[in-house]
Amino acid sequence: IPKRMRWGDSDVAFVRPVQWLVVLLGNEVVPMTLLGEASDRVTHGHRFHSPIPVVLTTPSEYEAALEKAKVIASFDKRRALVKELVEKEGGILGGAAALSEDLLDEVTGLVELPFAVSGRIPDEFMALPSELLITTVREHQRYFPVEDATGKLLPYFITVANIYSRDVARVRLGNERVVKPRLQDALFFWNQDRKQPLESRREGLARVTYLRELGDEGSQLAKATRVAALAKTIGGRVGADAEHVDRAAHLAKCDLLTDLVVEFTKLQGTMGRYYALADGEAADVAQAIEDQYRPRFAGDDLPASKPGTALALADKLDTLASIFSIGKKPTGDRDPFGLRRAALGVLRIIV
């Protein structure tokens, strides 16, 4: 959890405020105070569907009593139900929900009584790159995209509400209204970014800081220059086209200054590929711009092109060398620069 809260002057960190405290041993209340709350045997169910307090006699009653009060206490049971409801709704729409394990976990943590509702994405937005559409509905709205049998996006999304509504159409309309401005922003940035070639942003990288401690070598332009030189050497070792490696390295970081990547940081590299193709760059060059970040996580795809392999190795090796050079080594529980991930990525590519 990147942003946790603290209670008063306590060091205890949590995600949601503590509202009440139940501490039972057998049928006895254990007297204590924690986080400003005195222990009791009274808990609460769903705030809308079951607002009456729930009095527990023994701990064994907890799960059943909450379920009767319209709260599914078990995370695993709730997650399984969310998945079942979302998959069922995807089938009704004539496709399949594009499930993400992380999103399933997040949505499960947001609801007590899941209820799936679908909505429609206006046709005007379906021309956007699929990764951009998915990021908009998934990352910003916690919606599940819907795909057909070939993996192509359908103009629908599925959301999970925390309340059973007698007027589902109103819930659907509300969610469609909320996501539309997000999609309009994405469409606006997409059109604006393509008004100038990707290469035109390269000199601006000199004003973007990569590592302040590196001094003159600490800008993104300096990093891009180092990576280009290293990628040229590696490219010769892996049999990549030298011109394609050089061109991909030249353009590699330019999309960091596009409006879309500023707004949707996870799409760095991916949007660079789209913009390079729009500028008429070779397919291998465009693919390498995206490949430089692969693998992004454990089990992710490896670079799909030889220029991309050279660029990905060069970028990760430069990251490791530059950050170790200023003494920012990973510790037992902290690795803010993702150095372990970079090192494992290098090893996976080489193997």
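**Close-up 1. Strand E11 (residues 115–120) and E13 pair in the antiparallel sense through six bridges.** Welcome to a predicted model, in which local features need pLDDT of at least 70 and side-chain atom pairs count only at pLDDT 80 or more, while totals for chains, interfaces and linings use all residues. Residues are numbered from 1 along each chain as its sequence is written, and side-chain values use heavy atoms, with hydrogens and water left out. Strands here (E, at least two residues) and helices (H or I, at least four) are DSSP runs, numbered from the N terminus. Two strands are said to pair if DSSP finds at least two bridges between them. For a landmark in this view, look for Ser 118, which stands opposite Ile 158 in E13.

**Close-up 2. Four strands make an open sheet in the order E10-E12-E13-E11, with antiparallel pairing.** Strand E10 (96–97) and E11 stand at the edges with a single partner strand each, so one side of each has no neighbour in the sheet. Eight of the nine residues of E13 are buried, so this strand is largely enclosed by the rest of the structure. Buried means under 20% relative accessible area, exposed means over 50%, and partly exposed lies in between (1.4 Å probe, protein chains only).

**Close-up 3. E12 and E13 form a hairpin with five residues between the strands.** These two strands run antiparallel and are joined by three bridges. You can follow the pairing at Pro 145, which stands opposite Phe 157 in E13, and at Glu 147, whose bridge partner in E13 is Leu 153. Within the hairpin, Gly 151 takes a positive phi near 90°. Thr 150 lies in the loop between strand E12 (144–147) and strand E13 (153–161). Thr 150 is exposed, with a relative accessible area of 70%. Although Thr 150 and Gly 95 are 55 residues apart in sequence, their C-alpha atoms are 9.7 Å apart in space.

**Close-up 4. Three strands form an open sheet in the order E3-E7-E6, and the pairing is mixed.** The edge strands are strand E3 (21–22) and strand E6 (33–34), each pairing on one side only. E3 and E7 run parallel and are joined by two bridges. Leu 21 sits in strand E3 and has Ser 39 as its bridge partner in E7. Leu 21 is buried, at a relative accessible area of 14%. The C-alpha atoms of Leu 21 and Arg 348, 327 residues apart along the chain, are separated by 48 Å.

**Close-up 5. E6 and E7 form a hairpin with two residues between them.** Here E6 and strand E7 (residues 37–40) run antiparallel, joined by two bridges. Thr 33 has Ala 38 as its bridge partner in E7, and Leu 34 stands opposite Glu 37 in E7. In the turn, Leu 35 has a positive phi of about 55°.

**Close-up 6. Asp 241, Glu 243, Asp 246 and Asp 284 gather in a patch of negative charge on the surface.** One of these, Asp 246, is placed in helix H7 (residues 242–251). Patch residues have over 30% relative accessible area and no salt bridge, with like charges joined within 9 Å. A salt bridge is a side-chain nitrogen of Lys or Arg within 4 Å of a carboxyl oxygen of Asp or Glu.

Notes:
Patches are made of residues with over 30% relative accessible area and no salt bridge: like charges are joined within 9 Å, nonpolar side chains (Val, Leu, Ile, Met, Phe, Trp, Tyr) within 5 Å. Accessible areas come from the Shrake-Rupley method with a 1.4 Å probe; for residues, only the protein chains shown count as cover. Lys and Arg count as positive and Asp and Glu as negative; His and the chain ends are not counted. The place of a charge is taken as NZ of Lys, CZ of Arg, CG of Asp or CD of Glu.
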